[in-house]
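Please work through each task before reading its solution.

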Amino acid sequence: MIGFPRPRPYPRRMLKRILIALAIVVVAVAAFLFWATRPDIAKLSEQAVTGVVPQLGEARSQDFPTVSIAKPVGWANGAKPIAAAGLNVAPFAGKLDHPRWMYRLPNGDVLVAETNSPPREGGGITGWIMGIMMNRAGAGVPSANRITLLRDTNGDGVADQRSALLEGLNSPSGMALVGDWLYVANTDALVRFPYKAGDTRITAKPEKILDLAGGGNHWARNILASPDGKRIYVAVGSSSNLAENGLDKEGAIYTAETPFDVAKNLDAAKRTRAAILEVVPETKSSRVFAWGLRNPNGMAFEPHTGALWTVVNERDMLGSDMPPDYLTQVDFGTFYGWPWNYWGGYVDKRVTPERPDLREYSKRPDFALGPHTAPLGLAFAADAKLGGQFANGAFVALHGSWNREPPSGYKLVFVPFGDNGFPLKGKKPVDLLTGFLNKDGKTVNGRPVGLITDAGGALLVADDVGNMIWRVSATGAATPAAPAAAPAKK
């Protein structure tokens, strides 16, 4: 019987060479991953990248983001934020479920949206990393999908009654009362419910006013009614950081050759993201009011001019110094640069196809709020009574960074304004409420989000990680009077 020759084993010298080569490859890959995932350390202070004319550093494009998320630990043993001199801070309401946004009704009742992101689409490595990040930041809990009514019956500055006004919503955020209608912005639609003064529970089915592009990286939808109640402005963030999933996912306005013509189309708004929309509720018509705003959140009317203002979260992965998040007046028909440009014309070369034709139309924001500070809540000082230093300007809640080293934000600041309705040149944001981020920079007690003033002129601050609403008042200020008895329901 003829046999086949037995395979000859690799000589020891050959095996040794293979093992050395494999070791070199492993070390090279490990070295690359170590280098690629090192955090980008800020070269400028957070405060330097603020103001009407901020100091702008070098944009350092990253393939891997800097990840520096402060771990939530909560407010232990009666701890609370630290208020600026001349101010007091105390709990208004606690034991809430991820409170994000608030609205004050005419009778002084406070509505709070207990809400969170809807279930995120997409799996794989990206979805896995996103889940880890959200859990680490305290944002991984399911959405309560509820609007809770808080009432201070004895006027001591503490909510002593609460009830579930609305349940079964879809990641709700902004609220506005116009006449006998309470408007609510779910992540995917603007809806309204019938409301009567004193209601503590609404069971009516919602009436849809406008479909919205829902979910995505930026899911929260804030709304603001015009003073005459005829229009409602809706802030809709982008679905991505930099349209990396395709410009078409952000709406037709971002793929059109003539986007300003698209903005005039009354049917374009329902498909548009990274924009502020203008809606006429009675006719259910809408249009794009302003666009190129990556993630607008808080909106408010400046009391001297009546102009619309918003805060915006800018793009990621350009390093720890760039670009600044911002506060700006929003003008009708204006383009603010995203995704092609930032801060009035700095070109982001990562975006394809390029649009050099839009650069000259990119409006520069009015006030920089620092890099990656994540501004969300916005309220002007019109009816706040916090003392002369805080009499004219804007309060801004900086939710805090997840991708900067060292961390930025995690506080409430005040931006001084002049009587012309714009921030004062040469002024920096003033810290009004700190202590959310601990001194180690690694743990956080809470994170500020929505802002409103209460009936007594104090400032209410929603804390979605601490599950609290804080009340900031002037030292020695009287507590608000108890609200008048609500009228009987019909």
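**Exercise 1.** Is arginine 192 buried or exposed by its relative accessibility?

*Solution.* The model is a predicted one, and in it arginine 192 has a relative accessibility of 6%. Because buried means under 20% relative accessible area, arginine 192 counts as buried.

**Exercise 2.** With which side chain does arginine 192 meet in a salt bridge, and where in the chain do the two residues lie?

*Solution.* The partner is glutamate 207, with an N to O distance of 3.1 Å. Arginine 192 belongs to strand E11 (residues 189-194) and glutamate 207 to strand E12 (residues 207-211), so that the pair, 15 residues apart, links distant parts of the chain. Glutamate 207 has a relative accessible area of 24% and is partly exposed, whereas arginine 192 is buried. Both residues also take part in a network of salt bridges in which Glu282 and Lys284 are linked with them.

**Exercise 3.** Classify the partners of the salt bridge between arginine 355 and aspartate 357 as buried, partly exposed or exposed.

*Solution.* The side chains of arginine 355 and aspartate 357 meet at 2.8 Å, N to O. Arginine 355, at 13% relative accessibility, falls under the 20% limit and therefore counts as buried. Aspartate 357, at 36%, counts as partly exposed.

**Exercise 4.** How many salt bridges does the structure hold, and which residue forms one with arginine 315?

*Solution.* The structure holds 24 salt bridges. Among them is that of arginine 315 with glutamate 314, whose closest N and O atoms are 2.8 Å apart, and here both arginine 315 and glutamate 314 are buried.

Note on methods:
Residues are numbered from 1 along each chain as its sequence is written. This is a predicted model: local features need pLDDT of at least 70, side-chain atom pairs count only at pLDDT 80 or more; totals for chains, interfaces and linings use all residues. Side-chain values use heavy atoms; hydrogens and water are left out. A salt bridge is a side-chain nitrogen of Lys or Arg within 4 Å of a carboxyl oxygen of Asp or Glu. Helices (H or I, at least four residues) and strands (E, at least two) are DSSP runs, numbered from the N terminus. Buried means under 20% relative accessible area, exposed over 50%, partly exposed in between (1.4 Å probe, protein chains only).
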